[in-house]
Amino acid sequence: PTTWLRCSEYHVLEFVILVVTLSEYFATWQNVQGVTLRPFRLLRLFKSVTQIRTFNGVRVMMSTLGQGLGQLAIVMSLLLFFTAAWSIFGMAIYMTSFRRRC
C-alpha cells in the first residue's frame, strides 16, 4: 500500500464522507433545496467503536457487510427494476382513471 487510500479501510470511509460532505456544500452553494447528507457523517463513529475491545462484534459485522456488498447491490438493483416495471404496468392499466376530475 503506497497511497493513503490503500493503507486502511477507514481511509476509504473518510474519503467517502469527505466527498459526500463536499457534494452537500456544493448543492447548498447552487441553492438546491432538500439535500441533506449530514447523517453520513455519523459513519465516522465506526472507527471509534471498532477500536474498543468490547465492540469486537461490530468489526465482524462490518467485514461481513463489506463482503456481501456486491450481492446486496444486485438485490437492490433487481428490486428497483421490479418496482419500475410494476409502476409502468400500473400506469398503463389505470391510464384512463387519472384523467377523471372531481
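Start by selecting helix 2 and picking its end C-alpha atoms: they are 30 Å apart, which agrees with the 30 Å that its 21 residues should span at 1.5 Å a residue. Keep in mind that this is a predicted model. The helix covers residues 9–29.

Next, show the side chains of Ile17, Val20, Thr21, Glu24 and Ala27, which are buried in helix 2. Now turn the view to look down the helix axis: these buried residues fall within an arc of 120°, so they line one face of the helix.

Zoom in on threonine 21. Its relative accessible area is 12%, and buried means under 20%, so threonine 21 counts as buried. Which backbone oxygen does its side chain reach? Draw a distance to isoleucine 17: the side chain of threonine 21 comes to 2.8 Å from the backbone oxygen there.

For the surface, select Trp4, Leu5, Val12, Phe15, Val16, Leu18, Val19, Leu22 and Tyr25, which make a nonpolar patch of about 830 Å². Helix 1 (4–7) and helix 2 are the elements that each give two or more residues to this patch. Helix 2 gives the most, with 7 residues.

Stay with leucine 5 for a moment, in helix 1. At 35% relative accessibility, leucine 5 is partly exposed.

As a last stop, go just past helix 2 to asparagine 31, where phi is positive, at about 60°.

Conventions. Residues are numbered from 1 along each chain as its sequence is written. This is a predicted model: local features need pLDDT of at least 70, side-chain atom pairs count only at pLDDT 80 or more; totals for chains, interfaces and linings use all residues. Side-chain values use heavy atoms; hydrogens and water are left out. Helices (H or I, at least four residues) and strands (E, at least two) are DSSP runs, numbered from the N terminus. Buried means under 20% relative accessible area, exposed over 50%, partly exposed in between (1.4 Å probe, protein chains only). A polar contact is a pair of N or O atoms within 3.5 Å; within protein, one must be able to donate a hydrogen and the other to accept it, and residues adjacent in sequence count only if both atoms are side-chain atoms. Patches are made of residues with over 30% relative accessible area and no salt bridge: like charges are joined within 9 Å, nonpolar side chains (Val, Leu, Ile, Met, Phe, Trp, Tyr) within 5 Å. Accessible areas come from the Shrake-Rupley method with a 1.4 Å probe; for residues, only the protein chains shown count as cover. A salt bridge is a side-chain nitrogen of Lys or Arg within 4 Å of a carboxyl oxygen of Asp or Glu. The expected span of a helix is 1.5 Å times one less than its number of residues. The arc is that of the directions from the helix axis to the C-beta atoms.
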